[in-house]
Amino acid sequence: MSEVKFSKEHEWVTIKDDVATIGITKHATELLGDIVFAELPEKGTSVTKDGTAGVVESTKAASDVYTPISGEVVDTNQSIVDDPSKINNDPEGDAWFFKLKVKDLNEINSLMSREEYEKFAKESTN
Amino acid sequence: MNKTALYNLHKKFNAKFVSFAGYEMPIQYKDGIIAEHNLTREKSGIFDVSHMGQLFIAGDVKLTDKLQDIFPTDLKNLSVNQSKYSFLMNENAGIHDDLIITKISKGYMIILNAACKEKDFEIIKSKLGEDFKISLSKDLSLVAVQGPDSKDLIEKIIPGVNKLKFMFGGDFKFNSNNIYVTRSGYTGEDGFEISINNNDVVKFVETLISLGSNLIGLGARDTLRLEAGLCLYGNDIDENTSPLEANLKWAISKNRINSNFPGAKRIQRQINEGVTKLRVGIKPDGKIIARESTKIFDENNNQIGKITSGSFGPSVKSPIAMGYVNNTYTKENTKIFLEIRGKKVSASVCKLPFYKKNYYKGDINVRS
């Protein structure tokens, strides 16, 4: 498993072999508040780095979920669709969103390390 | 940006603030909207609604006559300390504001929406003329305490309030200063609204918190009122909707329908001929949420209306919405379609409220 990487749109990604697992960050869930709806990409579709790949809605508003890396969707996490509150409870663990067969492993180089992301998140909140 | 007298207390309790009607108001505290919503339904919640306008008009019988020319409400038969929900309307029966009129010993107190209060003040003042003293308070805060435990909590610091019935009020004391309390609110729960001097409000709210009540933000206030089927001014009603279209005919006193208040002619016409659009409850199928401005279609893809409020209802545990549909689509269980992010999602028209109201109307708690 690769080190976890982060996007400016508040997604996280880990890569094992050529499959990436993607979710939204704890910081994102804190900004969103209580999540009550999640929509995931369909299996078999291709998604492009920084393109939309889902939606989450809190009691307050809807937000797009972007993919930090390009590829083909090979799995989605139905349990967060059935119970969206899981996303608030464990955003960087069990509540992953989707898995991709990675198109270009080099894309990960443009993403942030945890330390960089935490600094970015803190600055973007202030 | 305006701040209420409770601003620093909100801050102390880790409020997230939003700008609302020119005020910096708490949208939620640290536990979030759903937790706050549930606390209000199950225990007790405190809402700072000091941004709302508290208008006082002094006068006697002459004032009652004059106000009846402005509002569609039977004020002559209102007893002292009784409140009624009413509207300030334009000549076309469009709603300038929805408000609560309470008869008090010296005249009337009217609670106005924050975004409308200055405009309402000017309209009412110009209609009243020079004969009556009218003032929009700057010294008073307004706090709502809502939920089933509220009556026992508040009785400990304001003895006697638990005898008030829904939509009645009275003069009480806190900290040996005068306060005015009504049994009312906008959550669908039993509760109270307390008009209290800015200098006393922090201590009042801190006392309630120490007794076990909880600060609740505007986010939960919105989900609570939506579940109770109550309108948010600016979303569900505005200057282009009449009380009849908004399904609020009950708030126009029967013995006033043929009177001469602003908008009366259109109201009479709509009573006789019906309305072309009506506010209804809407339940999307599944979990998707339909927000305000979502377009509503029939099964032949004709647009038949628009959503005016929509969110997730934490107590009903599903998405809920209200909106206006053409008059042939208002029946319960009518199948409709909502256009959300380019896709058509099925939904049904349903009865309001989504959550049964629980008001105290006397010896028994009436669920209506």
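**Figure 1. Confidence of the predicted model.** Chain B averages a pLDDT of 96, and 98% of its residues score at least 70. Here pLDDT is the predictor's confidence in each residue, from 0 to 100. The model scores ipTM 0.87 and pTM 0.94. This is a predicted model: local features need pLDDT of at least 70, side-chain atom pairs count only at pLDDT 80 or more, and totals for chains, interfaces and linings use all residues. Residues are numbered from 1 along each chain as its sequence is written, while chains are lettered from A and ligands numbered from 1 in the order in which they are written.

**Figure 2. Chain B as a whole.** Chain B has 8 helices and 21 strands. Helices (H or I, at least four residues) and strands (E, at least two) are DSSP runs, numbered from the N terminus. The C-alpha atoms fill a box of roughly 65 × 50 × 45 Å along the principal axes. A compact globule of 368 residues would have a radius of gyration near 21 Å, and the 20 Å of chain B agrees. The radius of gyration is taken over C-alpha atoms; the globule rule is 2.2 Å times the number of residues to the power 0.38. Buried residues make up 45% of the 368 residues in chain B. A residue is buried if 20 or more other C-beta atoms lie within 10 Å of its own, exposed if 12 or fewer, and partly exposed in between, with C-beta atoms placed from the backbone. Among contacts in chain B with a separation of 6 or more, 65% link residues 24 or more positions apart. Two residues are in contact if their C-beta atoms, placed from the backbone, lie within 7 Å.

**Figure 3. Domain 2 against domain 3 in chain B.** The domain assignment of chain B gives domain 1 (7-52 + 138-227), domain 2 (54-134) and domain 3 (249-350). These bounds come from an automatic or database domain assignment. The centres of domain 2 and domain 3 of chain B, taken over C-alpha atoms, are 28 Å apart. In the contact, 15 residues of domain 2 of chain B meet 12 residues of domain 3 of chain B. Strand 5 (residues 83-89) of chain B gives the largest share of the domain 2 side, 4 residues. That side divides into 7 nonpolar, 5 polar and 3 charged residues. Ala, Val, Leu, Ile, Met, Phe, Trp, Tyr, Cys and Pro count as nonpolar, Asp, Glu, Lys and Arg as charged, and the others, Gly among them, as polar.

**Figure 4. Strand 17 of chain B and its partners.** Strand 17 (residues 318-326) of chain B is mostly covered, with 7 of its 9 residues buried. Strand 14 (residues 277-284) of chain B runs antiparallel to strand 17 of chain B, joined by 6 bridges. Two strands pair if DSSP finds at least two bridges between them. Leu278(B) stands opposite Val325(B) in strand 17 of chain B. Strand 16 of chain B also pairs with strand 17 of chain B in the antiparallel sense, over 8 bridges. Here Ser309(B) faces Met322(B) of strand 17 of chain B as its opposite residue. Strands 16 and 17 of chain B form a hairpin with 4 residues between them. In the turn, Lys317(B) has a positive phi of about 60 degrees.

**Figure 5. The contact between chain B and chain A.** The contact takes 13 residues from chain B and 9 residues from chain A. On the chain B side, helix 2 (33-42), helix 7 (218-227) and strand 16 (303-313) each give two or more residues. The chain B side divides into 5 nonpolar, 5 polar and 3 charged residues.

**Figure 6. Chain A as a whole.** Chain A has 4 helices and 9 strands. From the N terminus on, its elements run β-β-β-α-β-β-β-β-β-α-α-β-α. The radius of gyration of chain A is 13 Å, close to the 14 Å that the globule rule gives for 126 residues, so chain A is as compact as a globular protein of that length. Its C-alpha trace spans about 35 × 30 × 25 Å along the principal axes. Of the 126 residues of chain A, 43% count as buried.

**Figure 7. The open sheet of chain A.** In chain A, 6 strands form an open, antiparallel sheet in the order 1-2-3-9-8-5. Strand 1 (5-6) and strand 5 (46-47) of chain A stand at the edges, each with a single partner strand, so one side of each is left without a neighbour in the sheet. Strand 8 (residues 71-76) and strand 9 (residues 98-102) of chain A pair in the antiparallel sense over 5 bridges. Thr76(A) stands opposite Phe98(A) in strand 9 of chain A.

**Figure 8. A hairpin in chain A.** Strand 6 (residues 52-58) and strand 7 (residues 62-66) of chain A run antiparallel, joined by 5 bridges. A hairpin of 3 residues connects strand 6 of chain A to strand 7 of chain A. Val56(A) has Ser63(A) in strand 7 of chain A as its bridge partner.
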